[in-house]
Amino acid sequence: MEHILTAFGDILFHPTVLLFLVFGVVVGLIVGALPGLNDTITLAVLIPITFAMDPKYAFMLLVGVYTSACYGGSIPAILLKIPGTASSVVTTLDGYPMTQRGESGKAIGISTTSSVFGGLSSSLVLMFLAPILASYALKFGPPEYFALAILGLSTVAGMSGDNVLKSLIVCVIGLIISTVGMSPQTGYPRYTFGNDYLLEGLPFVPMLIGLFGVTSVFEVAEGLKSRVKDGTFAKMTVPRIGKVLPDLAMVKRLLPTWITSSAIGNLIGVIPGAGMIMAIYMAYDQAIRANKDKKFGTGVPEGIAAPEAANNAVVASSMVPLMSLGVPGNSTSALFLGALMIQGLRPGPSLFQDAPEVAYIIIVGFFVANLIMGPVGILIAKFLSGIIFRIPRETLTAAIALLCVTGAFAVGNSIFNVWIMLIFGILGYVFNKLKLPHSPLILAVILGSMMERGLYQSMVLSKGSLMIFLTRPISLVMLAASVFFAGAPLFSMARNRLKKRAKRGAIS
Amino acid sequence: MKTWKVDIILAAALIVISVVSFSDSRNYPDIASHFPVRLSIVLGILALVLLVKSLIKRREEAMFTLTGEQFRVIVVVVAAVALYTTLLGHLGYLSSSFLLMIGMMTILGFRKKTVMVVTALCTVAVVYAAFNLILGVPLPQDFFMAK
């Protein structure tokens, strides 16, 4: 406790330390809001710069960027239907419809408060529960990872509404896409058709930019063309952003979603390699289940609150295995490992004995960064939304197209990525026309390789017996939960149909 | 177009994809082929279910509406982005991005030429500054910038 209080003092009473944290938060918000750029790329760029810095300044900068980048991604997701980062993909589903209704301020307010709630919860987890959770996370072997992937995919059933078959089809397409590139076991190239660019698989971020950004460009173009005829396109009204922060009634309404989603985010965050995407989908799925009376995807506040609380809850909790065991939870926390090492520090339990002032300032830095992120985020989001609605739609659409292609290119400095973005843009547009959901595709692409690797390694471990998934407690619990998540909506659908039939029978 | 007809076309396309995927993946070495082969089979089965379901239910409502004009504008936007992608490596980032902005605004019906040019110049400059100058992302160099 003494170390924690000292770290608070170090940050709050030393203006330079606080300034680096605020600067990190601002940089994180900006890169998060730019499609194609994310926390990982920014940290990779910043780490060499931090080499010569005082460790306190260096880590405040990095903590600030990591904390706010995924929240920054929600700003274009809400205002433009382009997720700034992969972690804000789900936020577009209900965020953009709210903007279309003229409620962008409210949507941003919900995103901000949810992100702060999720972020603060994971900071507290990092502060007080790190060693306990990390020991559980280390019990994850191949069968548990396979079961985790199944659990993630089972949420598709809950999100599919009446269209379970089409969701399953998209899910399988996503899994096939995830196999493109070298086989993780043998290195054999699959579905590459002789193209070397495909050896490492399809680039994920250009795929996302295509599915969301480019698809929205096509849809706006389609809509504008019909409006050009009746001459009404120029009369765009600028919605009043108004009050951003949610009122007490809204806070009370969202509180259960925040708590559940933050718990999901924290649990997923501490498991190395599980990732933010799984957390946001699971949280969204849980929000749908808990609010069956609401039509998600039409601008429901819980649809923003769930993914935003979950993704920010992953941030600090992904540092749990790194801080307590020296095992990075994801690629971004792996960069923190690098940053600690170039400062001559050894991550893991010894960090708390060798350099407690650095260990605790990182932990407390996450907490303070989340508090700073709220007001700074609202200021930036208000400024951006004030500009965006004053720009003519044709100009804005052209600028979105430019931002998309630049973002796709920036991911790997490759023109091939821009082609992938365009192909997935067309695919996303066709999906929308055919009423095929995007979410199962993204989830399956992310989880496919984890699923395949888990399955293969489990089969090697068990010498081909599927019983390995049922004899390990964590795997068994997750598979049982998957059956429940996938089965419950199917069961309720079948029950509704039977009720309808019975009603019809009674009438006739 | 009626929903059941669209679903039949979709199912047929998916069956083709599953057949192509299956025939390609079964030639991979044993371990590498396990996962994709099974996925191809599952996709084929699901496509057949969709086919049968749409034939039995025959939902008559329209799946989507798309006028000829709307279809043309989508094709032109796709062509513009494809042309941009091709030009990016030859002309460089600034020139091709400026042309993309002008092209997109024209396609979408914007007619104020001076505003168009100024907007295109400013947007390209801001995006270039954000990605290249501030965040250090290397973007294709323009012919007039070559040393």
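Which residues in helix 4 of chain A meet residues in helix 18 of chain A? In this predicted model, the helix 4 side of the contact consists of Pro55(A), Lys56(A), Phe59(A), Met60(A), Val63(A), Gly64(A), Tyr66(A), Thr67(A), Ser68(A) and Tyr71(A). Their partners in helix 18 of chain A are Glu357(A), Val358(A), Ile361(A), Ile362(A), Gly365(A), Phe366(A), Ala369(A), Asn370(A), Met373(A), Gly377(A) and Ile378(A). By residue class, the contact of helix 4 of chain A with helix 18 of chain A divides into 13 nonpolar, six polar and two charged residues.

The geometry of such a pair can be stated briefly. Two packed helices are described by the angle between their axes and the distance between the axes. In chain A, helix 4 spans residues 55–72 and helix 18 spans residues 356–388; the two pack at an angle of about 45°, and their axes are 8 Å apart. Helix 4 of chain A is therefore oblique to helix 18 of chain A. The crossing of these two helices is right-handed.

One residue of this contact may be followed further. Gly64(A) lies in helix 4 of chain A and counts as buried because its relative accessibility is 0%, where the cut-off for buried is under 20%. Leaving aside residues up to four places away in sequence, Gly64(A) touches Leu21(A), Gly24(A), Val25(A) and Ala369(A). Of these, Ala369(A) belongs to the helix 18 side of the contact described above. Gly64(A) and Ile209(A), by comparison, are 145 residues apart in sequence, and their C-alpha atoms are 25 Å apart in space.

Of the 508 residues of chain A, 61% count as buried. Among contacts in chain A between residues at least 6 apart in sequence, 77% join residues at least 24 apart.

Two loop residues of chain A deserve attention for their backbone angles. Asn413(A) has a positive phi of about 50° although it is not a glycine. Asn413(A) is found in the loop between helix 19 (393–412) and helix 20 (415–433) of chain A, and it counts as partly exposed because its relative accessibility is 39%. Lys463(A), also a residue other than glycine, has a positive phi near 55°. This lysine is found in the loop between helix 21 (439–462) and helix 22 (468–471) of chain A. With a relative accessible area of 78%, Lys463(A) is exposed.

Chain B can be approached through its domains. The domain assignment of chain B gives domain 1 (3–57) and domain 2 (68–145). Taken over C-alpha atoms, the centres of domain 1 of chain B and domain 2 of chain B are separated by 38 Å.

Chain B also has a helix pair to examine. Helix 3 (residues 68–91) of chain B packs with helix 4 (residues 93–107) of chain B at an angle of about 170°, with the axes 8 Å apart. Helix 3 of chain B is therefore roughly antiparallel to helix 4 of chain B. From helix 3 of chain B, the residues in contact are Val73(B), Val76(B), Val77(B), Ala80(B), Val81(B), Tyr84(B), Leu87(B), Leu88(B) and Leu91(B). They meet Tyr93(B), Ser95(B), Ser96(B), Ser97(B), Leu99(B), Leu100(B), Met104(B) and Ile107(B) in helix 4 of chain B. The residues of this contact divide into 14 nonpolar, three polar and no charged.

Definitions and conventions. Residues are numbered from 1 along each chain as its sequence is written. Chains are lettered from A and ligands numbered from 1 in the order in which they are written. This is a predicted model: local features need pLDDT of at least 70, side-chain atom pairs count only at pLDDT 80 or more; totals for chains, interfaces and linings use all residues. Side-chain values use heavy atoms; hydrogens and water are left out. Domain bounds come from an automatic or database domain assignment. Axes are lines fitted to C-alpha atoms, for helices over the stretch in contact, and angles run from 0 to 180 degrees between N-to-C directions. Helices (H or I, at least four residues) and strands (E, at least two) are DSSP runs, numbered from the N terminus. Angles under 35 degrees count as roughly parallel, over 145 as roughly antiparallel, 65 to 115 as roughly perpendicular and the rest as oblique. A crossing is left-handed if the near helix is turned anticlockwise from the far one by less than a right angle, and right-handed if clockwise. Contact means heavy atoms within 4.5 Å. Ala, Val, Leu, Ile, Met, Phe, Trp, Tyr, Cys and Pro count as nonpolar, Asp, Glu, Lys and Arg as charged, and the others, Gly among them, as polar. Buried means under 20% relative accessible area, exposed over 50%, partly exposed in between (1.4 Å probe, protein chains only).
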